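Welcome! Take a moment to look over the sequence and the 3D view before reading on.

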Amino acid sequence: MKIIKKAIFVSITLMILCGLIYPLFMTGVSQLIFNKKANGSLITVDGKEVGSELLGQNFTAAKFFKGRVSAVNYNTYTEKDTKLDESGKSAYAGVGSGSQNLAPSNEALKERVEKDIDSFLETNPSVKKEDIPTDLLTSSGSGLDPDISPKAAEIQIPAVSKGSGISEGDLKAILDKYTEGRTLGVFGEPRVNVLKVNIEIASILNKK
């Protein structure tokens, strides 16, 4: 009985320490010191949450820059998309992450890339097929990458300028504003956050 009592006491003590006190302590510390990151790095505009700077979104309007291929088009779903049609199917695929991980030889991947190339060239007539940056045609490992390379952003300037009415010089300045360098000057590559750039564009257009 003594051994059983000790085992129960240790189990309860560890449950309280590891399952209650520690999580509450870490939650409190994160909310105090890393509040924005702990809450998903959400971006708020006029009191409304419009997205997270960590998650890519699917932008289709000509006035906005386009991001990488996304695994989740959560910002384009409507209430109608979540409902089942007569055949029992829905356009809503749910929220998830992860790329399809298809091999270069996969026909489905080839078809998707060719379709995206045609779509990009149609909206960016001044760009040659061989000049399209790879990151505009591929998804990241998570499929949620919110960033694109500076080259992938700059190549869209003429089309976005035409669609938004904002001068190419002003758009270049916006890109420079939201371009981040390598982490700690060593890790990764320079990148542009598409959501932040498009929020800036929307803000300019709303003032006109």
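What follows is a walk through some strands, helices and charged pairs of this structure. Please keep in mind that the model is predicted.

Let us begin with a hairpin. Strand β1, residues 42-45, and strand β2, residues 48-52, run antiparallel and are joined by four bridges. If you look for T44, you will find that its bridge partner in β2 is E49. Two residues lie between the strands of this hairpin, and D46 takes a positive phi near 55° there.

Now move along the chain to a sheet. Strands of a sheet pair through backbone hydrogen bonds, either parallel or antiparallel. Here three strands form an open sheet with antiparallel pairing, and their order is β3-β5-β4. Because β3 (147-148) and β4 (179-180) stand at the edges, each has a single partner strand, and one side of each is left without a neighbour in the sheet. The antiparallel pairing of β3 with β5, residues 191-193, runs over two bridges. Within it, I148 stands opposite V192 of β5. A helix joins the picture too: α7 packs on the sheet and touches β3, β4 and β5, with its direction making about 50° with that of β5.

Side chains of opposite charge can pair when their charged atoms come close. The structure holds twelve salt bridges, and one of them is formed by D147 and R191, whose closest N and O atoms are 3.9 Å apart. This pair links distant parts of the chain, as D147 sits in strand β3 and R191 in strand β5, 44 residues apart.

Finally, let us return to α7 and look at a helix that meets it. How do the axes of α6 and α7 cross? Helix α6 spans residues 168-177 and helix α7 spans residues 194-207; their axes come within 9 Å and cross at roughly 140°. That angle makes α6 oblique to α7, because only angles over 145 degrees count as roughly antiparallel. The crossing of the two helices is right-handed. On the α6 side, the residues that meet α7 are L171, I174, L175 and K177; on the α7 side, they are V197, E200, I201 and I204. Sorted by class, this contact of α6 with α7 has six nonpolar residues, two charged ones and no polar ones.

Terms used:
Residues are numbered from 1 along each chain as its sequence is written. This is a predicted model: local features need pLDDT of at least 70, side-chain atom pairs count only at pLDDT 80 or more; totals for chains, interfaces and linings use all residues. Side-chain values use heavy atoms; hydrogens and water are left out. Axes are lines fitted to C-alpha atoms, for helices over the stretch in contact, and angles run from 0 to 180 degrees between N-to-C directions. Angles under 35 degrees count as roughly parallel, over 145 as roughly antiparallel, 65 to 115 as roughly perpendicular and the rest as oblique. A crossing is left-handed if the near helix is turned anticlockwise from the far one by less than a right angle, and right-handed if clockwise. Contact means heavy atoms within 4.5 Å. Ala, Val, Leu, Ile, Met, Phe, Trp, Tyr, Cys and Pro count as nonpolar, Asp, Glu, Lys and Arg as charged, and the others, Gly among them, as polar. Two strands pair if DSSP finds at least two bridges between them. A salt bridge is a side-chain nitrogen of Lys or Arg within 4 Å of a carboxyl oxygen of Asp or Glu.
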